[in-house]
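Grab a pencil and have a go at these exercises. Try each task yourself before you read the solution.

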Amino acid sequence: MPRRFDEPSYRRLFAVVEAKGGSTPADQTDAFEQLILYSKNMYAVQHNRRLLWGITACGAVVKACLFGPNFMLASTEMGLGSEEGRSELVRLIVYWTFCELDKLGYDPSVRFNREHGCMEIDVVPPGNGDGTGKQTFYSCEVITVAERVFGRHTRCFIAHRDPASAIERVKVAKSGIIIKDAWPEAAEHAKDDDRDEARYLRKIHEELPGDRYDGMYPEFLEGGRVHLGNEDTTQQFVGDSVWRQLNEHAEREGEQMALRVHKRIAMKGIGKPLKTISSCLELIIVVADVMSCHSGIVEHCNILHRDISTANILARDTADGIGGMLIDFDMAVDVDRKGNAVRTERTGTYPFMSVGNLEGSPHNRTALDDWESLLYILCWLGTYGWNTATSRTDIDDLEINDWSEGTPTKIARKKRHHLDSARNFAIIPDEFNRDIPDIKYLQWLV
């Protein structure tokens, strides 16, 4: 069921304070862990929060914390036993009291309209940093919430062009508009951004021939990078100096600090999650539609999706009954640009990632990697089911469990073993849930 904006608890909080009686390292670690848990809950219900503040108070030691899509910053200690420490805490509270909403972590382009009791969401055309051409949509329902502290923080709203329709909960099919708000990894400058969902959806709409694929992918309406005075990025929020320190710390740990950019797009086309599918035969129809669309996009648009997963395959109502829909092109690449298909970073969900993806292979990613992901998805759903009616309880000793346990290298090794021969692979479909009606067709398919 879609979540409502009036859910209680963390909805009105600005920041969380976690207090401990002691000030030992164990107390401080526990306070940070609690703060992370609270922050996760705040992100899930505050749909206009870009970043979150928090405070840990362990004994007389206070620290301020800032959570972003891919970082957590903690201040130096503010000791309440000293005049300097108390002054620093007072200055922080005064800053919070008088600074702009965006510096507090809120998004002024997503507002609550008290008159109509719904959210107002501004969507601006690509490149219009001054806000010209802005369109305002209205929503009372969010169907995807930011449930993690770190990551893309993807939120999806069912939207309408007028507040009356949003308030009356006009049937989704009559609106058909989804607003997607997320913080994907991206290049600093839009012109260099080779993973831009808005650009890919425009290209697909323009270059995919005829009406054969209508409804099988989201139709781009408007949107792009979010500007709040300046372009809204993780670097812009913390400033160049702090961003440089974050990068230096990541390099010392052998990692890379990815820039995340705030993007928002309006799309037409609404699907339903796989859990709404009522039979094995419907599941086969849905995935057939999705991969037909995937092949058309590769052939005619030279775009590779690279993130085939259960979350990105939706069911949709059609004149003939049911069909499929492929969504979320945040990880896609334009394979006709030199070098763009060569990606060694891991993209996707471990159980569904191809062996080459898991291993970070330097070789070109191709459509075969996505088809390999589909094979794993069908095996996963055939084994574990896709909703309550098709789920099972005897899952402890299944061979397929190895696809989600351990390091990426270990998972890749197990998948290689299963794909090594027909005999090795047969173990997987042999463990499909035989209580699912018509499961034999899915076993035959894989």
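Two strands pair if DSSP finds at least two bridges between them. Helices (H or I, at least four residues) and strands (E, at least two) are DSSP runs, numbered from the N terminus. You're looking at a predicted model, where local features need pLDDT of at least 70, side-chain atom pairs count only at pLDDT 80 or more, and totals for chains, interfaces and linings use all residues. Residues are numbered from 1 along each chain as its sequence is written, and side-chain values use heavy atoms, with hydrogens and water left out.

**Exercise 1. Find the strands that pair with β11, and say in which sense they pair.**

Step 1: Start with strand β10 (residues 155-160), which pairs with β11 in the antiparallel sense over 5 bridges. Here Cys156 sits opposite Lys180 of β11.

Step 2: Now take strand β15 (residues 263-268). Its pairing with β11 is antiparallel too, over 6 bridges, and Ala182 faces Lys263 in β15.

**Exercise 2. Describe the surroundings of Ala186.**

Step 1: Ala186 lies in the loop between β11 (177-182) and α5 (197-207). With a relative accessible area of 15%, Ala186 counts as buried.

Step 2: Contact means heavy atoms within 4.5 Å. Skip the neighbours within four places in sequence, and Ala186 is in contact with Asp193, Arg225, Leu259, Val261 and Lys263.

Step 3: Val261 is 75 residues from Ala186 along the chain, yet their C-alpha atoms are separated by 6.0 Å.

**Exercise 3. Find the buried side of helix α2 (residues 83-98) and what packs there.**

Step 1: Gly85, Leu89, Leu92 and Trp96 are buried in α2. They cover an arc (from the directions from the helix axis to the C-beta atoms) of only 55 degrees, so they're on the same side of α2.

Step 2: These buried residues pack against β3 (52-58), β4 (61-68) and β6 (78-79).

Step 3: The face turned away from that side carries exposed residues, including Glu83 and Arg91.

Key
Buried means under 20% relative accessible area, exposed over 50%, partly exposed in between (1.4 Å probe, protein chains only). The expected span of a helix is 1.5 Å times one less than its number of residues.
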